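Here are a few friendly notes to read alongside the model. Please keep the 3D view open as you go through them.

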Amino acid sequence: MSFASRIPHIAHIARLAAAAAWLAALALQPATAEPMAPRNGFPSQPVKFISPFPPGGGNDATARLVTTKLPEIMGQAALVDNRGGAGGNIGAKAVADAKPDGYTVLTSQVSIMAVNPSLYASPGFDPIKNFVPITQINAAPLALVVEANSPLKSFADLAAKAKANPGKVTYATPGNGTLSHLVGVVLAKDNGVEMTHVPYKGAGPALTDLIGGQVDVMVTSTASVAGMVQGGKLRVLAVTSPRRIGVFAKVPTLEELGYAGARFEDWYGFFAPAGTPPERVAFLNEAIVRTLRLPEVTKLVTDGGSEVVASTPDAFAAQLKQDIERWSRIVKLSGARAD
């Protein structure tokens, strides 16, 4: 039995019942950039979106993709505040500790909310108790990329070099315990593609070293590298999704190449601190969902190699619970720790 095959594939409910009907109806409404009227005085000031990684990575890019158009609908400025460190834990804790008034929002992802609580002895937050989900932004694969002039022209080249020189091929990731890291763990345990992990404090610094030739390959979100792929600076060897999307449509998936258990999908999403009034969570959900469904925003998400989800808070809560169960088992079986 393979390492991956052993792994089986929350919500702030009070007073959200009153919003359930219009949330369901929202899914059927066409996208509109018309500004929303404030509800009970909210919002009356800019909303701050904490991105828990440095600028230049997928989390930051996704936050800015949404916040660029969000003010047109929300009627207030949307500000991105980068607070990187500890695999996203520092930024996440900052939001967990923030005043629950709807004016501080976390841009988060699977690695922070579903992996870090198992990876770190003291991550500084509980993804269920300390947050209320607002919406899942997208679903995205991870990509294995090399510098454009790398001698590694395909994933077959990478696998052959890694198998011939165990541990000598280096792969960069945005940090310990991220999905990118665990892709490398599964490739080694299930498929004999053994590489040495080089963790960074975010995708931006890792990309700098990849371009500079300090590491051989990088595993990261498609959002982190789509622009450099389009610009000809990077070559994609494979993606981890079950399908081909956007600028990665011509790139083979690991499953297509015959690698067992190599289906990994990341997501980004927005969370508010626990205790945020449900009517404010509902307002933020509607504003963000409308933004994501604007044709120009949807196209940017798709071109970046992912798919818009734009879920309700309850649906996102269910997805989070499922992912926590899955990834906690992966972390335990991998033996990875980042204390």
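1. A word on terms: helices (H or I, at least four residues) and strands (E, at least two) are DSSP runs, numbered from the N terminus. This is a predicted model, in which local features need pLDDT of at least 70 and side-chain atom pairs count only at pLDDT 80 or more, while totals for chains, interfaces and linings use all residues. Residues are numbered from 1 along each chain as its sequence is written, and side-chain values use heavy atoms, leaving out hydrogens and water.

2. The largest cavity holds about 140 Å³ of space. On a 1 Å grid over the protein atoms alone, a cavity is a set of points where a 1.4 Å probe fits but cannot get out; a pocket is an open set with protein on both sides within 12 Å along at least five of seven lines; lining residues have an atom within 4 Å of a point. Grid points are joined across faces, edges and corners, and a volume is the space filled by probe spheres set on the points.

3. Among the elements around this cavity, α2 (58-74), α6 (179-191), β7 (217-221) and β9 (265-273) each give at least two residues to the lining.

4. The second largest pocket has about 240 Å³ of space. Of its 16 lining residues, Leu65, Ala223, Leu300, Val301 and Gly304 are the closest to its centre. Helix α8 provides the largest share of this lining, 5 residues.

5. Do look at α4 (residues 110-119) and α11 (residues 313-334), whose axes come within 8 Å and cross at roughly 45°. The two helices are therefore oblique to each other (angles under 35 degrees count as roughly parallel, over 145 as roughly antiparallel, 65 to 115 as roughly perpendicular and the rest as oblique). Axes are lines fitted to C-alpha atoms, for helices over the stretch in contact (heavy atoms within 4.5 Å), with angles from 0 to 180 degrees between N-to-C directions.
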